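Q: Could you walk me through one part of this structure in detail? I would like to look at the place where two chains meet.

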Number of protein chains: 2
Amino acid sequence: MPVGTLASVKGVPQDVLEELGVEILLANTYHLYLRPGVETVRRMGGLHRFMAWDRAILTDSGGFQIFSLNDLRKVSEEGVAFRSHLDGSSHFLSPEKATEVQIGLGADIIMAFDECTEYPADRGRVRASMELTARWAERCKNYFEAYKYEVPWEGSGQWPVVSGQYPVPSTQSLFGIVQGGMDTELRRESAVRTIDIGFPGYAIGGLSVGEPRELTRDIALSTLEHLPSDKPRYLMGVGTPEEIAQYAQSGVDMMDCVLPTRAARHGLLFTSEGKVSIKQARYAQDDGALDPACGCRVCQRYSRAYLRHLYAANELLAQVLNTVHNLHFYLTTMRRVRAWIRAGDGTGAGATRT
Amino acid sequence: MPVGTLASVKGVPQDVLEELGVEILLANTYHLYLRPGVETVRRMGGLHRFMAWDRAILTDSGGFQIFSLNDLRKVSEEGVAFRSHLDGSSHFLSPEKATEVQIGLGADIIMAFDECTEYPADRGRVRASMELTARWAERCKNYFEAYKYEVPWEGSGQWPVVSGQYPVPSTQSLFGIVQGGMDTELRRESAVRTIDIGFPGYAIGGLSVGEPRELTRDIALSTLEHLPSDKPRYLMGVGTPEEIAQYAQSGVDMMDCVLPTRAARHGLLFTSEGKVSIKQARYAQDDGALDPACGCRVCQRYSRAYLRHLYAANELLAQVLNTVHNLHFYLTTMRRVRAWIRAGDGTGAGATRT
């Protein structure tokens, strides 16, 4: 899932996302809650209508951003008090409030409000945090069941015209999140408690928070075993092209990562021949395609020399074209993995509902 | 002609420019001379191949930017010494050098190196400046005639594939530029001298340099009368949608202006209902199209509320979408004017060769 933090994949128009084959994108509740605000999105008919995107959308719960962007947050049983990174204003998100906000934003899949445990943390702290997340998950589900029909989708009017190829369900899907830090036993316990509450899909959160890559992998794979394979299993915030291919083959059904889009804006491009840092002077007069094996509209038209010039001259188009290429590379990687799985070459048996 | 300063119309991929109906764009010699440098562009086969654009390109001579971006320039009979606005390095452009650079860049239309007279200026200063421009024009033509076959077009290889619908001429066209400040008599004299030298097209330079709009118009129209109507007449650096429509109907064949693209990046949008400053809070929950009468891909898909959100949140996509809309508005304006002229409704009799 490409990341569209503020209801936009930075620099890429929605029709290009469609052409790239993006079937679902992630938007950030924390950022949208601050700007433009949930009431605006709700009144505009929800995120789909607001951003003119009729394919699937997932919103995170806002928890991760509160923990990563706010030094002055205060966590209690009730929820989290924090200050906006934009203007310092005070806010409070609880499991109920985060769910209310996500119902108002109107994505297809919404996430339970969790505490993303910091790394490193001692076992007592990780256990307490995991148990808080479990109690919050139950509150999220209770709120969701009571208010799930308040989505802003109905009566959404005539404009803009949506293609209608994607059927609109009557409610959203609320996914639970497994925490438990880097402790396999606490992860197992978190999985069991989350499954006991019952959700239509399960995420593995609290990884990619600074730990070594091997540890991410070990914890992700051991947690995966405890999650039902007939429901979507979503590994949050991962990863490189190699990692997403490996995780998908291991049974992960959904992943999101800012890497393809953020790296693109910093001139780091993924190709079939490895990573290319397009800012390097060695590409200044290289008239070959960025990736000769790539069929994207960037590689089909422009040279490395031109892409290097755009980046070196700080031209807007650099960010646009680089993002289009990296997304194409990621999406092609996933299409290839799906084909492997379908052909029985993969080891994963995960349900792919997206 | 949209402006593509550094061989890119900021934020808009070339295929979108094609779809918008852009038939010719302007690139800035001064900027390209500094970055990526003429040798790079020449080795890459010229601007067309470098930027993967097989429609027409015009380069200015670099004179205007030297005069507007450099406080430390020193003008002599030989040429202009100046320092780069990027790194302070010293450079020298003469009529011969500016022509050599433009031959190396390989646009279809190149411009004589002129001195853009500052405004206001006394008559003696304007006369001296105009006469210098006339002497430089002759030197440009002499250099061009001697070296015009050194364009980098031939042997341009196999990649990227150009559509081939636009035939490649054997040489460029060098246009002369009329100066003379805000003095109609000096403008007439400049026109006569430039025509005496002989060019396949003539530009009116030295306007839009801070003078009142009415004065721009008076000088432009009076100068136009002295230029042959069977050759392209190019008014440089103009203007608003109303102005370009009026000038075109008065016989101007070519215009360039950063207004549609630069204004777009500042959230100022041109519509059939007048200008819209999309940053305004009044649009925050406006779910109508930016311009209901507009057929561009932006107005067909997105709401004012979404465009306002993108701009307010400083999203890259704001600049992309706003630019696409403004270019569409300008190009549609010109298509309408052409239709009027073809139908005999216009008052202009200018040759439209682009």
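How much area do chain B and chain A bury between them, and what part of it is on carbon and sulfur atoms?

A: Happy to! This is a predicted model, in which local features need pLDDT of at least 70 and side-chain atom pairs count only at pLDDT 80 or more, while totals for chains, interfaces and linings use all residues. Residues are numbered from 1 along each chain as its sequence is written, chains are lettered from A in the order in which they are written, and side-chain values use heavy atoms, with hydrogens and water left out.

Now to your question: chain B and chain A bury about 3900 Å² between them, and 55% of that is on carbon and sulfur atoms. Buried area is the accessible area (1.4 Å probe) that two parts lose on being put together, summed over both. Contact (heavy atoms within 4.5 Å) joins 49 residues of chain B to 49 residues of chain A.

Eight salt bridges cross this interface, each being a side-chain nitrogen of Lys or Arg within 4 Å of a carboxyl oxygen of Asp or Glu. One of them links A:Glu18 to B:Arg301, with the closest N and O atoms 2.5 Å apart.

Which elements of chain B give two or more residues to the side that touches chain A? They are helices H1 (14-20), H3 (38-43), H4 (47-51), H12 (304-312) and H13 (316-342). Helices here are DSSP runs (H or I, at least four residues), numbered from the N terminus. By class, that side of chain B has 26 nonpolar, 10 polar and 13 charged residues; Ala, Val, Leu, Ile, Met, Phe, Trp, Tyr, Cys and Pro count as nonpolar, Asp, Glu, Lys and Arg as charged, and the others, Gly among them, as polar.
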